[in-house]
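Morning, everyone. I have one model to show you today. Here it is.

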There are 4 protein chains.
Amino acid sequence: MIKAIIIGASGYTGAELLRLLGQHPNAAVVAATSETYAGQAASTLYPHLTRSADQKFVTPEQAVETGADIVFTALPHGRSMTVVGDLIADKRRVIDLSGDFRLAAGEVYTEWYKMPHTLPGLLDSAVYGLPELNKRIIPEAGLVSNPGCYPTSAILALLPALEKNLVTPEGIVVDSLSGVSGAGRAADENTHFCVRSESVAAYKAGGGHQHIPEMEQYLSIAADARVTISFTPHLGPFSRGIYTTVYANLAGPKSIDQMLEVYGERYADEPFVKVLPAGVMPELKAVRGSNFCHIGLAVDARAGRLVVVSAIDNLIKGASGQAVQNMNIMFGLPETMGLEQGAIWP
Amino acid sequence: MIKAIIIGASGYTGAELLRLLGQHPNAAVVAATSETYAGQAASTLYPHLTRSADQKFVTPEQAVETGADIVFTALPHGRSMTVVGDLIADKRRVIDLSGDFRLAAGEVYTEWYKMPHTLPGLLDSAVYGLPELNKRIIPEAGLVSNPGCYPTSAILALLPALEKNLVTPEGIVVDSLSGVSGAGRAADENTHFCVRSESVAAYKAGGGHQHIPEMEQYLSIAADARVTISFTPHLGPFSRGIYTTVYANLAGPKSIDQMLEVYGERYADEPFVKVLPAGVMPELKAVRGSNFCHIGLAVDARAGRLVVVSAIDNLIKGASGQAVQNMNIMFGLPETMGLEQGAIWP
Amino acid sequence: MIKAIIIGASGYTGAELLRLLGQHPNAAVVAATSETYAGQAASTLYPHLTRSADQKFVTPEQAVETGADIVFTALPHGRSMTVVGDLIADKRRVIDLSGDFRLAAGEVYTEWYKMPHTLPGLLDSAVYGLPELNKRIIPEAGLVSNPGCYPTSAILALLPALEKNLVTPEGIVVDSLSGVSGAGRAADENTHFCVRSESVAAYKAGGGHQHIPEMEQYLSIAADARVTISFTPHLGPFSRGIYTTVYANLAGPKSIDQMLEVYGERYADEPFVKVLPAGVMPELKAVRGSNFCHIGLAVDARAGRLVVVSAIDNLIKGASGQAVQNMNIMFGLPETMGLEQGAIWP
Amino acid sequence: MIKAIIIGASGYTGAELLRLLGQHPNAAVVAATSETYAGQAASTLYPHLTRSADQKFVTPEQAVETGADIVFTALPHGRSMTVVGDLIADKRRVIDLSGDFRLAAGEVYTEWYKMPHTLPGLLDSAVYGLPELNKRIIPEAGLVSNPGCYPTSAILALLPALEKNLVTPEGIVVDSLSGVSGAGRAADENTHFCVRSESVAAYKAGGGHQHIPEMEQYLSIAADARVTISFTPHLGPFSRGIYTTVYANLAGPKSIDQMLEVYGERYADEPFVKVLPAGVMPELKAVRGSNFCHIGLAVDARAGRLVVVSAIDNLIKGASGQAVQNMNIMFGLPETMGLEQGAIWP
């Protein structure tokens, strides 16, 4: 039984870790921290948690003294750095869900996150926890940096095409629609039901979102060439999920069947990536509540473009489910353990 | 491993049985019928089903020839009767999810379902599959009649108070709000997104819903007196769940703490019923995707009434999850096996 | 042209007054106050307001010095009292949208609103602004107390039956479902999109809501007998609207046609109340964005009950639209002026 | 008073014409046809229509014999052609809301709509009814072809930039999210509440949507160069509205302020187009129920792209409201008459 600590368990990703680990056959949460709710039962804050996951939040200090095999840090970016350094120094294995260890260079972090990186020395050893990319090196990792939700959807959509140079590295457009849970648990005007219901809004348009360098870094590696993207995130009137539509210029003519074959081969051994047949596009609801990524493809011969559409649950494959998947890989368990649950539909 | 057949697997309750049994550690679906979709993969119709549940629909004829330990019939009322008779004659154990075997008398069925009952002889031996009521007799049952969604929510809300005569049998009001999935998979004007979104509508108001005699039958047994209720179902702008508010006249003054104690004791050993503390009312979303029923209580001393609020997922505790719970009990498995999944929240 | 001031214009009812008066052919807003947003354009806060309604918020002090024919006070209860006294002393005509002047006695206010009433002397002269009840005395009123949203839906549902003694004053149940805008513009956990979407929750169950004495006061007048009700409000996953289902014991047998005739006659001259034919229940969306109240009736002969269902837009007929209707009546304009807009559907 | 006939009044755009013309001070509907509902009151089908719009559907034959100043044809594409020819031959003025007369060449129609065009001779004289483009020639038009919903949102987003050659004609991406009402009133699996709620789905991806040639035709005119676009439509979980995000390559460096100035000047005299200030993106809900188009701009200097976001109500500015706007222009009325209504918010 893997003993796990969750640092920052009162946010949405923390709650999802509590739920998923509470159902995991080989893992148990031994401590879950919340400065605000320390001493209260998790199920008071989150009535959906069943009895098995019903434990009390503790302070970070109490957690530090608890023995554990793995520590999940689910803090906002900037705050995560302040915790992960000590944990690593303490020889803990860590899966960090923030954006603090995803970029290769501290200066890039500073540019996009608008704050200095205080632990640039850890960036080299951190392993980017996208199993479909790094499954071979995750087992040995001391610090796994769990991917962002938007990057997970965009990178999985583009990997096969870029690795095979079927599309050019220039001119890629990534257009994403996220559920409101992506904005976090904090209640403000922008997450108010009356504002978000029956509405849609773009934000950080024009290249301002901090997930852009993360996408470009891994897409560039896949393409073996510098990739610059246009990315626009939107908030849609639903709680969960990310629906991403990617446009890329074809390097040369390709049929949809050829494309599907490339994608099918690339993901043949990936249990959580499902490439849909020609003519079928992902339905976001079909991945909600699951760790799956559904991918649909179309070739626009007229415009010379490949269109790839991907759908994930932002809190699962886009955050906590992927973190558990990484934990499974780190500890030599079947990758899918505790994550077999299909989507709740309808 | 329990081998299960699903008759009528292309509707919402059938799909939910496919999903739940696909995740059950001790059960496997050996045949799932659909006249319309026979020969097609279930995951084509339902893309949320993961690989493990990915099987082809067969015809009813093919299913009849398949050996199995249990048959789930998930057909519309009226059609179920035509199938269950043969299955029972064939010595199959059956869990029927329709309304065909829930009422004690064929005449009452005819009155409310507006059609003759063709198998009244089976009504006596059918066991009403509400585990919280009949857990002791379900293990031996040949035919379990799975409760309706509205009755599950209303009976669980009222059982403790009626059994202890804390409320009078007269004057009970049951007001329920159902998700649109309760209206089934059929697309019509009433289930169109544009009609149902941001809307609410009562239907069969004034005592016309066929679940009324089912509620009254079991509430009367609990009260040991004839119970007549007013029941109004409504459709709300959400996919899943039933939220029921019950009003009953207090037989005598009782404090909220006394009521909570009675309810707490009554459901102490029921793994799927959670009585909330004083002042807390159920949040429907906290049971969505789970087999739980959450119950909140309030005493209105001014009006002399007990108010009980219950929340379930109509497709799980209100249908397929409860059916799996019944299967577990019939086969001597832990009641919660395959059903531990907590609600998806948010 | 009627010159109007809105005190407290940055909340939802204030915004709705801005929108409705901005479209009114015979009225103009000369000042709209907001302590928080003073100096900012209303359309910055509310981008839906068109150019015609595009004005700057001012401070209360600035508003007080502005000449006007009518003042709308759209402040929270408790705060309204502190403003209305001075306005009345200043010989202003006022339509107050809070709960501060709806109850006949200061003690009852104190009991339900949990605070002392500082202006009990004004309660006698305040006219309850439900046009369907008080159309004759509203024209002369100096202070119109605009009804609460829940009471509007419940009183309109019950008036005809109680006035004709077709139902008994005892045993009435009022069950209401409100859109989230009823909880106001303040962002908190309870109004977060991720909590409210696909969910339902009862609140203040067991007779705790401050609208109960308001309903009972006017229902008792209609019945000419003391009416005590059970009332449970719920929040549903939609922005606007109140859907109320009322249960009342029949005083004697009545057919649905007899009931419809009574209701039809009672509301024959009311332009905003529409009694639906037998068998048709209100669809909430059909009143959204309009000042209409739709009423559906059913007779439950078995249970001896009348079931009445009413639907309104909580921000229009339940608040700001009704206030404009009252203004029209006060100033001798056609009651429907500026309010003819039908519901937005779908 | 303009007398109007609506051919095909039982669909969503027809209903919206009934609502808008019912509130128009200078127009009256003298006949509204529906083959299915002929003889029934419009308000039976559409309970949101208020008394003023309460009229009976008639057959097309009855409509043809009715005298009128303008005929709105709101039929599916392909069927519209069969009606408009006779109307024009009969010297009627027509506003056609289908796609039948929007393209310049019959062959292009045949290619995209997959059916022959039977009235190619009318294509030349049909005036494309986008007032922001053709306001000067609409007054004299005999046949106005009302723009499609997606093209309205995309063309308004790109016009100023293309007319001034600020972006290149190559490489434009148009990504749109539509409310479910865009799929029409027909109930099928794809419009079922349980499928669409909390979901998103792309359709006709890869350049298959019939609105593409319409967009390219008018964008090419604006650019004075051949424009080829990539367009992906999506269905989102809301009833009304289109939210379009456009990506175009900058022809040369431009600041956001320079862009805003160009857009501001271009639309200075357009009453229904509102260009938002720097840093503000449209909120879809802020145009719902109104004839407005809100436009937000961002310059992505890194990627060398202009990002334009536009929001409209698909049934109003994207269909029936724009048709009424065209009617106003054709008859010399103020362009905004009957269309001043602001969005319903929240």
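One thing before we start. This is a predicted model.

Let's begin inside chain A. Chain A is divided into two domains. Domain 1 covers 2-125, and domain 2 covers 150-314. Their C-alpha centres lie 26 Å apart.

How many residues of each domain of chain A are in contact with the other? It is 15 residues of domain 1 and 15 residues of domain 2. Together, domain 1 and domain 2 of chain A bury about 1,100 Å². Carbon and sulfur atoms account for 54% of that area.

Now, which three residues supply more than any other three of what domain 1 of chain A buries against domain 2? They are Tyr12(A), Arg102(A) and Trp112(A). Those three give 54% of the area on the domain 1 side.

Please find Glu16(A), which forms a salt bridge with Arg240(A). The closest N and O atoms of that pair are 2.9 Å apart. Across the domain interface of chain A there are also 7 residue pairs in polar contact, both residues at pLDDT 80 or more.

Where does the touching side of domain 1 come from? Two helices of chain A, α1 (12-22) and α5 (106-113), each supply at least two of its residues. By class, that side of domain 1 of chain A has 9 nonpolar, 3 polar and 3 charged residues.

Next, chain D against chain A. Here 50 residues of chain D are in contact with 50 residues of chain A. The two chains bury about 3,900 Å² between them. Of that, 52% is on carbon and sulfur atoms.

Between chain D and chain A there are 6 salt bridges. For a specific pair, look at Arg288(A) with Glu198(D). Their closest N and O atoms are 3.7 Å apart. Polar contacts between chain D and chain A come to 30 residue pairs, with both residues at pLDDT 80 or more.

Which elements give two or more residues to the side of chain D that touches chain A? The helices are α8 (193-196) and α9 (212-223) of chain D. The strands are β7 (172-178), β8 (201-202), β9 (229-235), β10 (242-249), β12 (293-300) and β13 (305-312) of chain D. The largest share comes from β7(D), with 5 residues. On this side of chain D, 28 residues are nonpolar, 11 are polar and 11 are charged.

Now turn to chain A and chain B. The contact takes 35 residues from chain A and 35 residues from chain B. The buried area is about 2,800 Å². Carbon and sulfur atoms give 57% of it.

How many salt bridges are there across the interface of chain A and chain B? The count is 0. Polar contact is found for 8 residue pairs between chain A and chain B, both residues at pLDDT 80 or more.

On the chain A side, α1 and β11 (273-275) are the elements that give two or more residues. The largest share, 3 residues, comes from α1(A). You'll recall that α1 of chain A also supplies at least two residues to the domain 1 side facing domain 2. The side of chain A that touches chain B has 14 nonpolar, 11 polar and 10 charged residues.

What about symmetry? Chain A superposes on chain B by a rotation of 180°, with 0.0 Å of shift along the axis. The RMSD is 0.0 Å. The two copies are therefore related as by a two-fold rotation axis. The same surface serves both copies, and 100% of the contact residues of chain A recur in chain B.

Last, the backbone. Most residues other than glycine have a negative phi, and most peptide bonds are trans. Here are some exceptions.

In chain B, a cis peptide bond joins Trp345(B) and Pro346(B), with omega about 5°. Pro346(B) sits in the segment after α11 (316-330) of chain B. In chain C, a cis peptide bond joins Trp345(C) and Pro346(C), and omega is about 5°. Pro346(C) is in the segment after α11 (316-330) of chain C.

Finally, Asn165(D). Its phi is positive, about 55°, although Asn165(D) is not a glycine. You'll find Asn165(D) in the loop between α7 (149-163) and β7 of chain D.

That's my tour. Thanks.

Methods. Residues are numbered from 1 along each chain as its sequence is written. Chains are lettered from A and ligands numbered from 1 in the order in which they are written. This is a predicted model: local features need pLDDT of at least 70, side-chain atom pairs count only at pLDDT 80 or more; totals for chains, interfaces and linings use all residues. Side-chain values use heavy atoms; hydrogens and water are left out. Domain bounds come from an automatic or database domain assignment. Contact means heavy atoms within 4.5 Å. Buried area is the accessible area (1.4 Å probe) that two parts lose on being put together, summed over both. A salt bridge is a side-chain nitrogen of Lys or Arg within 4 Å of a carboxyl oxygen of Asp or Glu. A polar contact is a pair of N or O atoms within 3.5 Å; within protein, one must be able to donate a hydrogen and the other to accept it, and residues adjacent in sequence count only if both atoms are side-chain atoms. Helices (H or I, at least four residues) and strands (E, at least two) are DSSP runs, numbered from the N terminus. Ala, Val, Leu, Ile, Met, Phe, Trp, Tyr, Cys and Pro count as nonpolar, Asp, Glu, Lys and Arg as charged, and the others, Gly among them, as polar. Copies are superposed by least squares on the C-alpha atoms of residues with pLDDT of at least 70 in both.
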